[in-house]
Amino acid sequence: MERLQNELSKDLHYHGMHHTLDALKTCDLYLRHIKINSHDARLLRLGILFHDIGFTVSNEEHEYKGSIIARDLLTQFGFKTKDIDVIVGLILSTKIPQSPKTLLENMICDIDLDYLGRSDFYEISESLYEELQVTIGLKNKNDWNKIQVKFLEAHKYHTDFAIKKRQPEKEKRINELKKLIEP
């Protein structure tokens, strides 16, 4: 957390420490609905803590760079190689387009993008828009809304919980955004 706090660029309006904290809080919600053992829950939480740490190095390939940072730090803290491999897999599975292979990877992917089907979608989306204005030079809201519709339509939730609880709201966001797009 200290590294995220001190080393993340202030231009990361979405991928800041607040996103990691939101993901940890969201993880607790998922853990109330998806039963896994305490060891796996710990690995999931660690994966969440590390999933965007690569942004402290670069916006490019941040998942890969984050996996290297995580492997190094977790090794220093004496974690077992097997557990480190799971955590690295969690980090790498969040790369877009997501391709999770395990239950924990399904969970972290859904947790990471949980906001797509939540009531605070627009607030969080606005922070990502602000970030992309700075990082890639995104010019206007109409282009942003087109990008969002394309992303939301391509995105898939992976857990039964997210499919049931988040997908319906995500579908509403798609329809709302389509109405905002100017030809």
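This is a predicted model: local features need pLDDT of at least 70, side-chain atom pairs count only at pLDDT 80 or more; totals for chains, interfaces and linings use all residues.
Student: How do I begin to read a pair of packed helices?

Tutor: Two packed helices are described by the angle between their axes and the distance between the axes. Take helix α2 (residues 17–33) and helix α3 (residues 38–50): their axes come within 9 Å and cross at roughly 155°.

Student: Are α2 and α3 roughly parallel or roughly antiparallel to each other?

Tutor: Angles over 145 degrees count as roughly antiparallel, and α2 and α3 are therefore roughly antiparallel to each other. As for handedness, α2 passes α3 in a right-handed crossing.

Student: Which residues make the contact of α2 with α3?

Tutor: From α2 come Thr 20, Ala 23, Leu 24, Cys 27, Asp 28 and Leu 31, and from α3 come Ala 41, Leu 44, Arg 45, Ile 48 and Leu 49. By class, the residues of this contact are eight nonpolar, one polar and two charged.

Student: What do the axes of α4 and α5 do?

Tutor: The axes of helix α4 (residues 62–76) and α5 come within 9 Å and cross at roughly 160°. α4 and α5 are therefore roughly antiparallel to each other, and their crossing is right-handed. On the α4 side, the contact includes Tyr 64, Gly 66, Ala 70 and Leu 74, and on the α5 side it includes Ile 84, Ile 87, Val 88 and Ile 91. The contact of α4 with α5 has eight nonpolar, three polar and three charged residues.

Student: At what angle do α5 and α6 pack?

Tutor: Helix α5 (residues 81–93) and α6 pack at about 40°, with their axes 9 Å apart. That makes α5 oblique to α6. The crossing of α5 and α6 is right-handed. Here Val 86, Gly 89, Leu 90 and Ser 93 in α5 meet Leu 104, Glu 105, Ile 108 and Cys 109 in α6. Those residues divide into five nonpolar, two polar and one charged.

Student: Which residues does Met 107 touch?

Tutor: Leaving aside residues up to four places away in sequence, Met 107 touches Tyr 30, Leu 31, Ile 34, Ile 36, Leu 44 and Thr 159.

Student: Is Asn 145 buried or exposed?

Tutor: Asn 145, in helix α8, counts as buried at 9% relative accessibility. Not counting residues up to four places away in sequence, Asn 145 touches Leu 177, Leu 180 and Ile 181.

Student: Which peptide bond is cis?

Tutor: Look at the bond from Ile 96 to Pro 97, which is cis, with omega near 0°. Pro 97 lies in the loop between α5 and α6.

Student: What is the phi of Glu 61?

Tutor: Glu 61 has a positive phi of about 50° although it is not a glycine. Glu 61 sits in the loop between α3 and α4, and at 42% relative accessibility Glu 61 counts as partly exposed.

Definitions and conventions
Residues are numbered from 1 along each chain as its sequence is written. Side-chain values use heavy atoms; hydrogens and water are left out. Axes are lines fitted to C-alpha atoms, for helices over the stretch in contact, and angles run from 0 to 180 degrees between N-to-C directions. Helices (H or I, at least four residues) and strands (E, at least two) are DSSP runs, numbered from the N terminus. Angles under 35 degrees count as roughly parallel, over 145 as roughly antiparallel, 65 to 115 as roughly perpendicular and the rest as oblique. A crossing is left-handed if the near helix is turned anticlockwise from the far one by less than a right angle, and right-handed if clockwise. Contact means heavy atoms within 4.5 Å. Ala, Val, Leu, Ile, Met, Phe, Trp, Tyr, Cys and Pro count as nonpolar, Asp, Glu, Lys and Arg as charged, and the others, Gly among them, as polar. Buried means under 20% relative accessible area, exposed over 50%, partly exposed in between (1.4 Å probe, protein chains only).
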